[in-house]
Number of protein chains: 2
Amino acid sequence: MGLFDILSPRAVASCILILSSLAQDVAAIPSAKSPWVRNAYAKKKMTDHVKRAVYGTHVTRSEPELCADSVATSIKAPKSNPWKHLADYETAAVVEWMFQQPDLNLTTSDEAGSWDNTIQLVEAMWPNKTDALAYIDGTAQPPVKYAHVVLNNRATEDAHYADIIVGPLPVDNATTKWEPLTFPWTKQNGGKVRNLDADTDILYGQWLFKIGAEIADITKDLWNATAMGMENDTLAIWGIDPLWQDDGKIIRWDTFWRTASGEIAGDGGTLMPLGLYFSSDVTGRDPSKWKIEGWLYNSIFYETTEAFKEAYWSEGFVKLPPNDEGLWTGTDHKGDVPARDTAHPPTMVAPAGNRFGVDHEEQYVEWMDFTFYIGFTRDVGMTLYDIRYKGQRLIYELGLQEALAHYAGNDPMNSGTAYLDTFYGFGPFAFELVKGYDCPAHAHYLNSTFYVSETSHTHVDSICLFEYVSDFPIQRHTTTDYVSVTKNTYFVVRYVSTVGNYDYTFTYSFFLDGSIAVEVRASGYIQSAYFANNEDYGYKIHDALSGSMHDHVLNFKADFDVLGTNNSVQFVSMVPVSKSYPWSKGKVRNTMAIERSFLENEDQGRFNWAPNSATQVIVVNEEEKNKYGEYRGYRVLPYTGAAHLTVKNSTNLANSCNWAGYDVQVSVRKDTEYKSAHPWNSQDVHDPPIDFDKYFDGENLRGEDLVLWLNLGMHHIPHSGDLPNTVMTTAHSGIQFMPSNYFEGDESRKTVNQVRINYADGHATNVVTFGQFDMKAAAKSEEGTCSKTCKLDFTPADPAHEKYMGDIVVRKFPFDPNNPYFETIGIS
Amino acid sequence: MGLFDILSPRAVASCILILSSLAQDVAAIPSAKSPWVRNAYAKKKMTDHVKRAVYGTHVTRSEPELCADSVATSIKAPKSNPWKHLADYETAAVVEWMFQQPDLNLTTSDEAGSWDNTIQLVEAMWPNKTDALAYIDGTAQPPVKYAHVVLNNRATEDAHYADIIVGPLPVDNATTKWEPLTFPWTKQNGGKVRNLDADTDILYGQWLFKIGAEIADITKDLWNATAMGMENDTLAIWGIDPLWQDDGKIIRWDTFWRTASGEIAGDGGTLMPLGLYFSSDVTGRDPSKWKIEGWLYNSIFYETTEAFKEAYWSEGFVKLPPNDEGLWTGTDHKGDVPARDTAHPPTMVAPAGNRFGVDHEEQYVEWMDFTFYIGFTRDVGMTLYDIRYKGQRLIYELGLQEALAHYAGNDPMNSGTAYLDTFYGFGPFAFELVKGYDCPAHAHYLNSTFYVSETSHTHVDSICLFEYVSDFPIQRHTTTDYVSVTKNTYFVVRYVSTVGNYDYTFTYSFFLDGSIAVEVRASGYIQSAYFANNEDYGYKIHDALSGSMHDHVLNFKADFDVLGTNNSVQFVSMVPVSKSYPWSKGKVRNTMAIERSFLENEDQGRFNWAPNSATQVIVVNEEEKNKYGEYRGYRVLPYTGAAHLTVKNSTNLANSCNWAGYDVQVSVRKDTEYKSAHPWNSQDVHDPPIDFDKYFDGENLRGEDLVLWLNLGMHHIPHSGDLPNTVMTTAHSGIQFMPSNYFEGDESRKTVNQVRINYADGHATNVVTFGQFDMKAAAKSEEGTCSKTCKLDFTPADPAHEKYMGDIVVRKFPFDPNNPYFETIGIS
């Protein structure tokens, strides 16, 4: 058990970000060093197969010999990827250059204390769309490269994060400069955001564990356990996020939790709250001025520690039961194995290998008539760029912006919890995918990379790309004479981020008819509540446990470019009407009709899906009608249970979640309105770096470059079936994009993987397969050239999980590319 | 081209039902005999393989030798299936007995004219639930069998359908009787429903084709074609459904359509409307009293044929273009084949065979901890009964009740079309499934049977059962030390009904966590509108074509028995609240909370899904709380875009679609309220045999045996991508049932098909597979006992479509079981 085990599931992420100081100060806490920290001082030698995985990024699998010329194809992107991450050497050069700038006053992470400035993040700065289009659509040179750097400036009373850009790249001492990054934020204060976590290390050693020690008589009496920063602690202390930021004060609420023992496969810390809460005023950076503000137990508030102690040791004090670890917190197999379950279940195989193309160098993908580029960032993980169909761009940018998990409760812990997850980042927690489980075994995998503490970490095989066939066809029709039916083969790009207790699976799917789906599914451990008096905030799901009600809302940016950038949003509604007609002989008929309108400006730009799904929302280019006079467009529609935030004007989040209140929000695309949320919005909720409300200022939305900010979401009141983990059969949300009069007909007609069977008199008279690969014909030539190729190879359906390896780290400063080492860091 | 090609896509179904008269009267129309009729007189000799398919109902595939003892298992149902169809000999005995009853005055279909009484349907009468439960839950004998018979009594001025029951079975001249079936209908008039289609044959020969001939000068001028009942006709005439039934009159509106030539694989008749409409008063059974009521062309109404002719041949008459057949109406492959599409796509295989059990005799299925019985009827196709989990019933009955397709338009044809599809029946059109396309090749197939004209027809392989693995897991969680992830293996039961132009794919899915999904997907041809002046009712999608707007609403009955029959519906809502707490120091916090309530009575029993999915709808037994005090229940929730009818108080459907106006409707289950709709509701829309409104009369809904009547639906404004066929990627609707505090924890923990991988220092330290089938170990023993078994056999993924055969017919009267013959009859 390390320090990370006794911190908040998500607070750990911020620890990672201030790692160097942690490494120093943590030494003061007996034996509480994190695995991360320990590893940093004992770098593992990397085996050859791992080096291959990092440097020969695309894992070269032994490709089966096949009849068809269709093994996964290495292709060449038409242009270099303007959204690509920085190369190792580029990051190293930027870091080295920054350490040479006296005005930045930087200390390396290894050496820094909590009153030093460190480098939080080095990433590629995103290009402005104008520059990117001039390159990818035109003849311009690639956009000049810059690094986006976040500094953690703690060598000051007013500790803050600072967004800066460094460039142009490659680094040249004559030309490279740094300047504050300010233009994409609504708060114009030089790109700075206060850092409420500047003293996380002190917080534990000099504050929370002290309180834990002070109250140890009670924790021992209640739970036979302590939280004092000791080796044998079996309690953790952690609390609300974000901290209360009212009236110029910073107020914490913390509570006690059992820690997971590690003896069962159960990362179940978030299932073991204990129901004792305390508040402290931690305003300012001087812990001597911090003070306890009160205690809460069984819904009774005590203003001081003394008052609580006195009450506790009085006669008649009601003591409530704890939540203890057990088989119920473990994810391993349990219960009676159902009949026949030990036989191998059905499995997807790709007898011809993968049927898509990838340019690994440029992170460029081609499947059927779709192409796109991939980017990957710390804040949100994967983003797709320049999604085209038959060479015509549909979407410039499609990706996650922010995810919130807003809880509620009768206690201050659950009432006060409203995670904004990009604070922790989706990139750092997008771990290696489990082949044959997270994605089919035949999937193609890509690595991803993120920066922390002068190193870049590589998640091996953390993005998967694969084709799948749904259990239903895309088209069918039976007649008296024949039946016609077409396989629904589709293409998936996926990554999974485990942000603390929750595992988010992000899926982008592409279909033969030109439609696209964006989906998120949630699994992992719920964050639960202590049961006492929480009946109005959740179901009681175990002896002393409430499944704490919460909303997940996940905002996605969809920068559509439908036949160019001059787009409009059309509404097409089906409405009941009562109407007479020339032929109805004066009678009024109750029927229905279509009403069309356009979204005129940003004052109307925020709305919800219509009741009874009555209204189609279509992105069109008003200049581009098809030959029948209809707008060629793409329709946006909910797929599975999209939802927005239940809470109105959240006290916890104030202006930091103004993106969450509607299903759909449309604004004019601007370089200055690039993201719906800033990752440090939680640090200043009343005046956050990005206040999404400010994007809506009445601008015209007809014939403009538009962004649709789309919310996926799940209302979650955990029930007993969420133990030990939430299941993805029901915890899902999705949105589809479908062509609306965009093509001349159904694009799925172009696939050969359809069949027409004519029949008469009880037998098929003609089976037409349109030139699709003929497995039987290939099998017949078994003695010939295809001898091995036409047998189905089970190997890809039975992946070797022994090769699962975890994260790989390369030191950037000093740059040490030849000695990568291992570290997998979750928030446990 | 046969008669069926020139009739309405769905009107043909009614032709099938009055087949004998058609066979006679059609002779008066030169060469317009339908394929059905021709086949009826030239029965094909059946090959041996077909006889096997009929009599050895379960197609015995050659089962691969496998290591695991898990080939599809033949099991024995705990009880005989009380919902099973009648055996061939039972039906034959009933039919023979009925022909012996002078009071029924029946004529065989072969010999009957339109003024004779015929047998429309012979099916098993469903048992009352009380009787069925006494048997399946208790020690009672199976419910006494009766036949449900529908007579088509046309030997009278007031032609009508009559529901009767015949029994008890087996037939015994001493005890078997018939009596009117009246108790399940809200209209108490002896089980009779008027038959507005009694004279369909006369309608064409003596009315519509006469009008076609009268107007042939214009049809030739406009379209170079005629509709006169001649061999070389290339026009069809058909019209609204249901007919107008106001003011004691029966009024038709018909229009002209191009017929599909058969030269391309395009059943595209419904894509070729021509825009000329005429109305006729067809009240009564004497065609000499029928009269033309007017013509409509280009939105101009003409009161008489003469007025229309005069206008047409006047100068300046505006003639509009036709819709003509072309490649655009065909479903065959067209367009450029995308890159790599000729390689074999991924495919699902079942290396261990099927992992579920089937009792073919009793139509009983077991998958993992789920079991259920299957029934199949003419009206709705497949219904599931007695769905249990670990032996405890969840749902007594789950199945389709009715499906409507309500159109609208500026023309009387589209304005007047509102199909109620059980009139045609889903059973007769549930054709053989295409292996590897409609269902995976490894699926297990069942036959189904329906009765028509003294024969029973068998749809070979028309129900499929299979396991599949989704492209995402059901559970996952990553920690610093290990990752845990579980395959989402699920089980599907499916049938497809092509009711005329549309193909409905009905899917029931079962999941490891105990959840169930009900889904419908639509494909096939749209019924389109002529473009003129229809801008407010659809998109223009081809030269002279409008995609006619319409609503699909499909009603399902879910008779839940959650821990017994005494059920209640609980609402659990997430609502925003502003509230202060003991610990909030007087401050009001904007947060949220749960509100719980119960559905009290039938006055509240009809409602829609809450905005923003805020309210959970849970079926519970108020007497059955779990050990934490929460109700054990099953939650009902929308899965993908469920919708109800847009039109309010439809002029077309009046009281015949009162089930369509809400998302969810809950009533007390009664033997007298068995179905939400009667298949002949369209014949008397103001006073239909079942008026669903009458089920809602204020009865208590707490602690009662409840039925949830659930609407799935799709609002459809066809766009260019619906040509030639609608695609199932977006044309879908579904509902889920998920456990809500029903189990102690997540039931998916019991599957062994999960993995835990512990890792450290860049390699897996432990891969735990919980006893799942070890493909690698099996492969190693290749020289041993398993030599052939562990190789994956591709054969099941590559089905032989040459074996597709179509429907099989067995004559019931005279009973001729040894000479089955072939007929596949679609509505084309």
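**Reading strands, chains and a marked site**

Visitor: Which residue stands opposite B:Leu276 in β10(B)?

Guide: The residue that stands opposite B:Leu276 in β10(B) is B:Tyr297. Before we go on, note that this is a predicted model, in which local features need pLDDT of at least 70 and side-chain atom pairs count only at pLDDT 80 or more, while totals for chains, interfaces and linings use all residues. Residues are numbered from 1 along each chain as its sequence is written, and chains are lettered from A and ligands numbered from 1 in the order in which they are written.

Visitor: What is the order of the strands in the open sheet of chain B?

Guide: The sheet has five strands with antiparallel pairing, in the order β7-β8-β9-β10-β11. Its edge strands, each of which pairs on one side only, are β7 (235–239) and β11 (300–302) of chain B. The twist averages 25° from one strand to the next, where axes are lines fitted to C-alpha atoms (for helices over the stretch in contact) and angles run from 0 to 180 degrees between N-to-C directions.

Visitor: Is strand β9 of chain B largely enclosed or largely open?

Guide: A residue is called buried if 20 or more other C-beta atoms lie within 10 Å of its own, exposed if 12 or fewer do, and partly exposed in between, with C-beta atoms placed from the backbone. Eight of the nine residues of strand β9 (residues 273–281) are buried, so the strand is largely enclosed by the rest of the structure. Turning to chain A, buried residues make up 63% of its 828 residues, and its secondary structure comes to 11 helices and 41 strands.

Visitor: How many residues of chain B are in contact with chain A?

Guide: Contact is judged from C-beta atoms, placed from the backbone, that lie within 7 Å of each other. In this model 183 residues of chain B are in contact with 182 residues of chain A. Strand β31 (residues 589–598) of chain B gives the most to that side of chain B, with six residues. As for how the copies meet, 99% of the interface residues of chain B are also interface residues in chain A, so the copies meet through the same surface.

Visitor: What rotation superposes chain B on chain A?

Guide: Copies are superposed by least squares on the C-alpha atoms of residues with pLDDT of at least 70 in both. Here a rotation of 180° with 0.0 Å of shift along its axis superposes chain B on chain A, with an RMSD of 0.0 Å. That is the relation of a two-fold axis. In chain B, the C-alpha nearest the axis belongs to B:Met348, 2.1 Å from it. Strand β12 (residues 347–349) of chain A pairs in the antiparallel sense, over three bridges, with strand β12 (residues 347–349) of chain B, and A:Met348 stands opposite B:Met348.

Visitor: Which residues does UniProt list for "active site"?

Guide: UniProt positions are given in the numbering used here, feature names are shortened, and annotations may be inferred rather than shown by experiment. For "active site", an unreviewed UniProt entry lists A:Asp421 and A:Tyr502. Although spread over 82 residues of sequence, they cluster in space, with a largest C-alpha distance of 10.5 Å. A:Asp421 lies in the loop between β18 (418–420) and β19 (444–452) of chain A, and A:Asp421 is buried, with 27 other C-beta atoms within 10 Å. A:Tyr502 has its place in strand β24 (residues 502–511) of chain A, and the unreviewed UniProt entry also places the feature "modified residue: 2',4',5'-topaquinone" at A:Tyr502. Not counting residues up to four places away in sequence, A:Tyr502 touches A:Ala522 and A:Gly524.

How values were computed
Two strands pair if DSSP finds at least two bridges between them. Helices (H or I, at least four residues) and strands (E, at least two) are DSSP runs, numbered from the N terminus. Two residues are in contact if their C-beta atoms, placed from the backbone, lie within 7 Å.
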